[in-house]
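Me: Hi! Could you walk me through how the two chains meet in this one?
Reply: Happy to, let's look at it together.

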Protein chains: 2
Amino acid sequence: MKIAVIGLGLIGGSLAKDLKERGFATYITGNDVDEKNAQDALELGIVDTISTMELAVKGAELVLVTVPVSAITALLPQILNNIDSQTVVVDFGSTKEQICQAVKTHPKRQQYVAAHPIAGTEKSGPAAAVNNLFDNKTTIICEKELSAAKALQVAEVLFKTLNMNLMYMEAREHDVHLAYVSHLPHVISFAMVNTVLEAEKDSQFLFRLAGSGFASLTRLAKSSPDMWAPIFTQNASHVSEAIDLYIAELELFKRLVNKKDATMLHRMLERSNEVKNVTDASRS
Amino acid sequence: MKIAVIGLGLIGGSLAKDLKERGFATYITGNDVDEKNAQDALELGIVDTISTMELAVKGAELVLVTVPVSAITALLPQILNNIDSQTVVVDFGSTKEQICQAVKTHPKRQQYVAAHPIAGTEKSGPAAAVNNLFDNKTTIICEKELSAAKALQVAEVLFKTLNMNLMYMEAREHDVHLAYVSHLPHVISFAMVNTVLEAEKDSQFLFRLAGSGFASLTRLAKSSPDMWAPIFTQNASHVSEAIDLYIAELELFKRLVNKKDATMLHRMLERSNEVKNVTDASRS
């Protein structure tokens, strides 16, 4: 299958690697507004050629859109304008409501499948691309009733090739859930780093004191601002609500700390321990 | 050297393994209020024998206290009451101010070294004990002027054997720093899990949606309530202040999200990215 990958960062690059190696992609045309990213992807053998967005999508059977969500909203109508009548377009954005809204009334809406493959690392750029990034993870497909049966089928084969599990839901429902399980964790990590960098101005000191707990909490704070600032603004209302609930939980925690109420704190920590059932099971 | 390990959990167990294998400990007597822990440690070969606290410390040249900080505060005076005149006692507690306070006027205060080796995992119990847990990490020694030169020397050889780097500071200074780099990250993780478990009541759903970001933020929330509830209450004022600063950072974040101010959000995330300089360097 001839594929165009629009956006050659960690996601686009990792995707291209797997699709080529697994025989799903016969020829990959890449595009990136960042010329260095494009050149790197070509030199790394991630794509077969580099082209303008218009030419890349014109000849492709499948177009994969792996740019920040603000760029998806802006580009998606243009991509649909430029594709052939049989081409299928799938985006990989971490928000879905505004992206779906941007093409809701587009005459080629049926050729588009709104997707969110939940995978990534804190790294960015084509040099950070890795094989098997998507294996055994989940893709959420939204508004499937607005995609043609054939387009949906192509997308489903794509995600099976990536060894992903599929879930279907409404765009709004997606954005609410992701606010809690992904966007809030990122806010938490970004805000924690800023708090600690402010409190521990002597970074030499921080170096030596920070244990593995600090490292695991701050990993997400290394994530790309280009990717994440638009996610927070596109999913603003749900993210804001999640932050509010989280602050309320912290306030409760603080009250128990101030009262030195070890019994109630113990109970709260026991409740938190229940997360073992979630992440240990999902990793096995 | 004949060693007594009071508290046979993850820390006491890991410690005993390394000290035995590295030839520092010739004979280890263990003690744990939890009889199952004590029996497990004996069966796993972590200790040579099990004894009462009084008998364990009586015959030992070095006593290592690896119980929750509330138990350290309670036990330490009793341990000092029971030791011989040449025995050295070192604690491994994550707080230092209240622990130091508990033995400040004890006639054998000089035989005690107040330490905090910054190492651990979210697991607990002797079965979770691992080798090399302490290698290349940092130990903070507090109030060193209150320990006899000989006691300090024994402690320093102990931590060199564990391949640890040493820092010295006042107990209060220790507790302030640790509030930010360790206790706050734990509060953050515990509170996040409780928020998300509340919002996502269908845990089957959470299973499938939670990506690696969620997993890395929630690892600390699996930590032992027995260990952490007392840390939060012993370091209450500094932890409370750290939570306040953190909430202020979250509120700022939320305001920018509500205003959809992508430019300022981008700037905040760039600032967070500076943590790469801290954790990447400290890991290498």
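**Helix packing between the chains**

Reply: This is a predicted model. In it, helix α7 (residues 171-199) of chain A packs against helix α11 (residues 236-258) of chain B at an angle of about 125°, and their axes are 9 Å apart.

Me: So is that parallel, perpendicular or oblique for α7(A) and α11(B)?
Reply: Angles from 65 to 115 degrees count as roughly perpendicular and those over 145 as roughly antiparallel, so α7(A) and α11(B) are oblique to each other.

Me: And is the crossing of α7(A) and α11(B) left-handed or right-handed?
Reply: The crossing is right-handed.

Me: Which residues make the contact?
Reply: From α7(A) there are A:Val187, A:Ala191, A:Met192, A:Asn194, A:Thr195 and A:Ala199, and from α11(B) there are B:Leu245, B:Tyr246, B:Glu249, B:Leu250 and B:Phe253. By class, this contact has eight nonpolar, two polar and one charged residues.

Me: Zooming out, how many residues does each chain put into the contact?
Reply: Chain A gives 80 residues and chain B gives 80 residues.

Me: Which element of chain B supplies the largest share?
Reply: That's α7(B), with 18 residues of the side that touches chain A. By class, that side of chain B has 45 nonpolar, 22 polar and 13 charged residues.

Note on methods: Residues are numbered from 1 along each chain as its sequence is written. Chains are lettered from A and ligands numbered from 1 in the order in which they are written. This is a predicted model: local features need pLDDT of at least 70, side-chain atom pairs count only at pLDDT 80 or more; totals for chains, interfaces and linings use all residues. Axes are lines fitted to C-alpha atoms, for helices over the stretch in contact, and angles run from 0 to 180 degrees between N-to-C directions. Helices (H or I, at least four residues) and strands (E, at least two) are DSSP runs, numbered from the N terminus. Angles under 35 degrees count as roughly parallel, over 145 as roughly antiparallel, 65 to 115 as roughly perpendicular and the rest as oblique. A crossing is left-handed if the near helix is turned anticlockwise from the far one by less than a right angle, and right-handed if clockwise. Two residues are in contact if their C-beta atoms, placed from the backbone, lie within 7 Å. Ala, Val, Leu, Ile, Met, Phe, Trp, Tyr, Cys and Pro count as nonpolar, Asp, Glu, Lys and Arg as charged, and the others, Gly among them, as polar.
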